[in-house]
Amino acid sequence: MSHKSPKIDALLAGHPELPGFSRHYAGFFYCFNAQLYYEAHDVLEEIWLPVRKTPESKFYKGLIQMAGGFVHLQKQRLGSAGRLFGLALANFEPYPARHDGIDLDDVRDLCRKHQQAIVDSGETLNPWTSGTAPQLALPRVEFS
């Protein structure tokens, strides 16, 4: 638990549980889809911190970096956003197309699309607007 835990608990209150997933993992998606990218980062950090020295940590770190990229887009810091999208993509590399209940290829495409738009504009045009903000599909349990 971090010093941010009470704030995070309050933020997650009222969101439905997603069977098979921790409330923090589900909360990341709720916050991200509400354009609360900084809060999405904080919520997922609660999962990442205890496992940060394990192989699985790269997945969470990538999601945190992606959310951070959108924080930078909201603040018009395009270069920083582009770099974070690149770091997220590198952290997603070891994982399959579907991982931990999500279509990770869709997440990768989202990072690539925003990173490329930043590069193509010479870091002058923000590809993000609140009206066209991306929505992530909520994780779902997969049956084999």
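This is a predicted model: local features need pLDDT of at least 70, side-chain atom pairs count only at pLDDT 80 or more; totals for chains, interfaces and linings use all residues.
1. Residues are numbered from 1 along each chain as its sequence is written, and side-chain values use heavy atoms, with hydrogens and water left out.

2. Have a look at helix α2 (residues 23-33) and helix α3 (residues 37-51), whose axes lie 8 Å apart at an angle of about 170°. That angle makes α2 roughly antiparallel to α3 (the term covers angles over 145 degrees). Contact (heavy atoms within 4.5 Å) involves residues including Tyr25, Phe28 and Phe32 of α2 and Val43, Leu44 and Ile47 of α3. The residues of this contact divide into 9 nonpolar, 2 polar and 2 charged.

3. Pro127 sits in the segment after α6 (104-120). With a relative accessible area of 26%, Pro127 is partly exposed (between buried, under 20%, and exposed, over 50%, with a 1.4 Å probe on protein chains only). Not counting residues up to four places away in sequence, Pro127 touches Leu73, His114, Ala117, Ile118 and Thr132. Leu73 is 54 residues from Pro127 in sequence, yet their C-alpha atoms are 8.0 Å apart.

4. Which residues lie nearest the centre of the largest pocket? They are Ile102, Asp103, Asp106, Leu136 and Ala137, from a lining of 13 residues. The largest share of that lining, 3 residues, comes from α6, and the lining divides into 7 nonpolar, 2 polar and 4 charged residues.

Technical notes:
Axes are lines fitted to C-alpha atoms, for helices over the stretch in contact, and angles run from 0 to 180 degrees between N-to-C directions. Helices (H or I, at least four residues) and strands (E, at least two) are DSSP runs, numbered from the N terminus. Angles under 35 degrees count as roughly parallel, over 145 as roughly antiparallel, 65 to 115 as roughly perpendicular and the rest as oblique. Ala, Val, Leu, Ile, Met, Phe, Trp, Tyr, Cys and Pro count as nonpolar, Asp, Glu, Lys and Arg as charged, and the others, Gly among them, as polar. On a 1 Å grid over the protein atoms alone, a cavity is a set of points where a 1.4 Å probe fits but cannot get out, and a pocket is an open set with protein on both sides within 12 Å along at least five of seven lines; lining residues have an atom within 4 Å of a point.
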